[in-house]
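Load the model in your viewer and keep the sequence panel open. The tour moves from stop to stop, with something to select at each.

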Amino acid sequence: MCEEACTQRCSCIAAALRYAKHFFRKLLSWSEKYGDIFLVWVGMRPFIWLYRVESVQPILSSTVHIDKSIEYRYLSDWLGTGLVTSDGEKWHARRKLLTSSFHNGVIEKYLGSSIREANVLVSRLRAEIGKPEFDVVPYAKLAALDVICDTAMGYHMNAQTNCGNEYVLAVDKMTSIVQKRFITFWAHPDILFNRTSWATEQQAALEVIHNFTNKVIAERKAEWKLKHDGNFNETPRKRQALLDHLLEVSQCGNTLLTDEDIREEVNTFMFAGHDTVATSVSWILYALGRHPKYQKKILQEYRSVIGCNEITMDGLKKLEFLDACMKESWRLYPAVPLIARQIYSPIKIMKTEVPTGSTVLVNTYILHRDPRHFPRPEVFYPERFLSQNAKPQPFTFVPFSAGSRNCIGWKFAQMEVKVFILSVLKAFEVRAVEDEEQLRLVSELVLVNRNGVRLTIMPRNYDGMCQ
Ligand code: HEM
């Protein structure tokens, strides 16, 4: 297989991802040692690693190779075949249908929810002031879950203040089981997985999730019907959740979505829209915590652009320096470090025939550290993303993937992350505890440090504070 798959430049490396201590640094050194493309065996499965723009572009820009790797089936009991997990005709139709749910006008409606939850996050973080260290990831996760529950389902979950919420615990449990299964090769076959305690826990979590989502859909559908039959006396809700958009298209459009279809998309947004955001917020705070001078610059810009005015989408768009800092953090610590595709028809990548049946993994962590495109790649230098400098070449910087299968929620995510980062920086001076060398990075679908993302925070004397 190895010889067939990578006749010229691939090297065969037996490895189990789970046990590699410095996984990403190891990969970086392999990429220098073994050339432009290599193959890693994980248990019985060969994975072809791509991390040069020359090999990444043919995959991400392809309209043919858009199928997710077969590992994504571990998500199917939860997400069915929603946008993340579907392919072929179904994916095309859904993508077309859902695109309108993410245009600027819709996203603007979610700004208020992000601001509200960012304020709750800040008040919760106050408990950590002055402590030698704390892990910011669990805080960011609950905040992101609150936003996505509100925006995807129109439901105020208050996960940040009500930590024992059954649904939130179930979503967290499902995410963590799926992540563990992805990187634990012996748990891949159903026959083995079904004998583990994970399978039992997964079953219990799925029951809670599906019951809750079914209930919300039924309520909202009844409300929608009343409103459209003209019997709805209450003022219609001003903000619409993604679920309302789905109901709208399912009832008014040409495409009929069943309750099952709606449920799989709502669950898909819940899955795709919380861990990625929480991971991004955590790593951006980490990067800024290592470089406090940029925290000051972000706040100076905020003061001069927004000052005492309300945060609006237009205002956020003008914060160019904040945007550059976020991009530079995503470059060094991409929230989604691996993008996996199953190859169902032969393709030549960098003169190498990749045969049908292979799985290719686009490694954004290494791609973003290519010195040809990002000089002194290991240095955190947000200025490289400022508009006076040339934009990165296409497909060299892809934190939200690229091409037809890119992140449908990227504008929404950027708005939310901006609001979270600004709120935290206005309230606290942030420092990172670990330096780059101490990080133990692994991919659990999102980029994770084994010890969490540990910070210290002190109250900030922010003189732009308005009465
Ligand atoms: C900073 C936060 C986020 C990051 C870094 C991110 C990143 C990504 C990436 C890299 C992909 C491609 C994955 C692949 O092809 O395997 C993706 C797909 C997707 N994302 Fe995001 N995402 C974020 C937030 C969101 C949010 C907030 C939502 C929705 C509310 C969302 C919904 C989706 C969906 C539905 C897909 C699948 C699109 C398709 O296959 O057509 N994401 N995201």
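Is Gly154 buried, partly exposed or exposed? Select Gly154: it is partly exposed, with a relative accessible area of 25%. Buried means under 20% relative accessible area, exposed over 50%, and partly exposed in between (1.4 Å probe, protein chains only).

A word on the model before moving on. It is predicted, so local features need pLDDT of at least 70 and side-chain atom pairs count only at pLDDT 80 or more, while totals for chains, interfaces and linings use all residues. Residues are numbered from 1 along each chain as its sequence is written, and side-chain values use heavy atoms, with hydrogens and water left out.

**Stop 1: around Gly154**

Stay on Gly154. It sits in the loop between helix H8 (137-153) and helix H9 (166-183). Helices (H or I, at least four residues) and strands (E, at least two) are DSSP runs, numbered from the N terminus. Now show its contacts, meaning heavy atoms within 4.5 Å. Not counting residues up to four places away in sequence, Gly154 touches Cys149, Arg220 and Ala241.

**Stop 2: the ligand**

Select the ligand and zoom to its iron atom. Which residue supplies the donor from the protein? The single one is Cys407 (SG), 2.3 Å away. Donors here are N, O and S atoms within 2.8 Å of the metal (3.2 Å for Na, K and Ca); water is not among the atoms, so sites may look incomplete. Cys407 lies in the loop between helix H18 (364-367) and H19.

- Trp91: an N or O atom of the side chain is 2.8 Å from a ligand oxygen.
- Arg405: a polar side-chain atom lies 2.8 Å from a ligand oxygen.
- Leu83: a polar backbone atom is 3.4 Å from a ligand oxygen.

**Stop 3: the core**

Select Trp78. Leaving aside neighbours within four places in sequence, its contacts include Val171, Met174, Leu206 and Phe271. Trp78 belongs to the largest nonpolar core, of 132 residues, and is one of those touching the most other members. Such a core is a set of buried Ala, Val, Leu, Ile, Met, Phe, Trp, Tyr and Cys residues joined through side-chain atoms within 4.5 Å. Another core lies apart from it, with 20 residues, among them Leu39, Met350, Val360 and Leu367.

**Stop 4: positive phi**

Select Lys351, in the loop between strand S6 (347-349) and strand S7 (352-354). Its phi is positive, about 65 degrees, although Lys351 is not a glycine. Lys351 is exposed, at 64% relative accessible area.

Finish on Leu445, in the loop between strand S10 (441-444) and strand S11 (446-449). Its phi is also positive, near 75 degrees. Leu445 counts as buried, at 18%.

Methods
Polar contact = N/O pair within 3.5 Å; in protein donor to acceptor, adjacent residues only side chain to side chain.
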